[in-house]
There are 2 protein chains.
Amino acid sequence: MHAFAVDGLPEIDAGDDLAALVAERADLTDGDVVCVASTVVSKAEGRTAALAEFTPGPRAEEIAARLADVTGEQKDPRFAQAVIEEATEVIMDAPFLLTETTCGHVGVNAGIDRSNTGGAELLLLPKRPAESAARIQAGLAADVGVVVTDTSGRPFRHGQRGVALGWAGLPAARDWRGETDRDGHELAVTVEAVVDELAATANLVSGEGDDGTPVVVVREFEFGDHDGSEQLFRAVDGDFVRQALRDWTFDGA
Amino acid sequence: MHAFAVDGLPEIDAGDDLAALVAERADLTDGDVVCVASTVVSKAEGRTAALAEFTPGPRAEEIAARLADVTGEQKDPRFAQAVIEEATEVIMDAPFLLTETTCGHVGVNAGIDRSNTGGAELLLLPKRPAESAARIQAGLAADVGVVVTDTSGRPFRHGQRGVALGWAGLPAARDWRGETDRDGHELAVTVEAVVDELAATANLVSGEGDDGTPVVVVREFEFGDHDGSEQLFRAVDGDFVRQALRDWTFDGA
């Protein structure tokens, strides 16, 4: 398996055809997986915003006040309002805003970026990343998979890692159910989230800084002879951590 | 960046010299990262066990009864006892056993495997995976990094993905603090857990089934001109999800 960045992409603006820009710079082959950072998908889709576009309601004022209280830093209630509007659910409001976004991804601040925004105050996540992935895939001549990626923190472990927000042209996961190990025992691992692992691979090659390369091609990834699964985001019913966090209140800085 | 499996490894037994077995089969180069599945590290370190070795105490009996009640399946209290003995903390005991293991990793059942065990009833995690990684690294002639990997589920998202348990010869994370984006804004991503992303890459190439290849080499990974960080596992104080889960009780199947 190989992974390489697509070099020489320009700064992306609203209306840019990402598929065309990638195809001009990478000699894609059938079976490649093209991993595209959500930042450039958002920019191409015009998902930039100014804080002035968000008028804080009472909940945003309350959240901003509580965050300021807890963190000791002034928080802009317009930013809290933007997060509320972009989120499907605010799971936790202190010591940070943990949210579910429209695609099902759970992350901080509804994934709204304040760096790498291309000059805008705010960069919102793509509204429907799976549709974004399908559109990019349709614009590429080769028969490739496309994964729209983000970086995100996680419970229990420090640091961020690449994750998938949307994908097209490949399943989200390898489904090992019913398969056996060398001794004939059923496997403990039942589903492997390959799109997240592809996003992690892309993030190793890419970069966040001013030398960032937002598109990475993974070549010769073999899905193998397994069933595919399209489920990546847990439903609330089976998401015990979300349930626990809903019930929990942060009790001090 | 390239990733390839080391082919032809035999079934690993207690006392086997993993470094020698890998060196005989892979032409390693300075800068390679050798990702080794914890299963084979455990086997080489003799970390197999039989259920009969674990005599359930009252807590194990209680946990097994509650799990059986909640899941409708009979649970072996000896297995619960093994989990208790292997765990630093049992964070949640229903609807599954969420634990912290000695290295700091939070996962289900203290990482005890019942498949790919090489014939044993139980395969325990390496006791000190960082020391295992350092020992393998010391046994290899090339100047490589070593990551001892596992697969693990996670909150919010279905499926398992590769994660790092221990590492040597490279930092756990890239530290971007103080670095700026193209517009000169400080980056939102501050720490990138590269050892987890390397483990995810290895897991894409590897396999869990009877064609499993437990050692994967990642070549031409560039850490880049960033500070390194050795922190991967959150301390309890800053781990809000763990705090919430400690306080939470599962209230029905």
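A: In this predicted model, three strands of chain A make an open, antiparallel sheet, running in the order β11-β10-β13. The edge places go to β11 (191-192) and β13 (227-229) of chain A; each has a single partner strand, so one side of each has no neighbour in the sheet. Strand β10(A), residues 173-175, pairs with β11(A) through 2 bridges, in the antiparallel sense. If you want to find one of the pairings on screen, look at Asp175(A), whose bridge partner in β11(A) is Val191(A).

Now for the interface. Chain B puts 77 residues into the contact, and chain A puts in 77 residues as well. Together the chains bury about 6600 Å², with 55% of that on carbon and sulfur atoms. On the chain B side, Phe156(B), Arg157(B) and Leu204(B) account for 15% of the area buried against chain A, more than any other three residues.

Arg157(B) turns up again in the charged pairs: its side chain meets that of Asp196(A) in a salt bridge, at 2.7 Å from N to O. Across the whole interface of chain B and chain A there are 4 salt bridges, along with 32 residue pairs in polar contact, counting pairs with both residues at pLDDT 80 or more.

Which elements does chain B use here? At least two residues each come from β1 (2-5), β9 (161-168), β11 (191-192), α6 (194-205) and α7 (240-247) of chain B. The top contributor to this side is α6(B), with 9 residues. Sorted by class, the chain B side that touches chain A holds 35 nonpolar, 22 polar and 20 charged residues.

And how do the two copies sit relative to each other? Chain B superposes on chain A by a rotation of 180 degrees, with 0.0 Å of shift along the axis and an RMSD of 0.0 Å. The copies are therefore related as by a two-fold rotation axis. Both copies use the same surface, too: 100% of the contact residues of chain B recur in chain A.

Methods. Residues are numbered from 1 along each chain as its sequence is written. Chains are lettered from A and ligands numbered from 1 in the order in which they are written. This is a predicted model: local features need pLDDT of at least 70, side-chain atom pairs count only at pLDDT 80 or more; totals for chains, interfaces and linings use all residues. Side-chain values use heavy atoms; hydrogens and water are left out. Contact means heavy atoms within 4.5 Å. Buried area is the accessible area (1.4 Å probe) that two parts lose on being put together, summed over both. A polar contact is a pair of N or O atoms within 3.5 Å; within protein, one must be able to donate a hydrogen and the other to accept it, and residues adjacent in sequence count only if both atoms are side-chain atoms. Helices (H or I, at least four residues) and strands (E, at least two) are DSSP runs, numbered from the N terminus. Ala, Val, Leu, Ile, Met, Phe, Trp, Tyr, Cys and Pro count as nonpolar, Asp, Glu, Lys and Arg as charged, and the others, Gly among them, as polar. Copies are superposed by least squares on the C-alpha atoms of residues with pLDDT of at least 70 in both. Two strands pair if DSSP finds at least two bridges between them.
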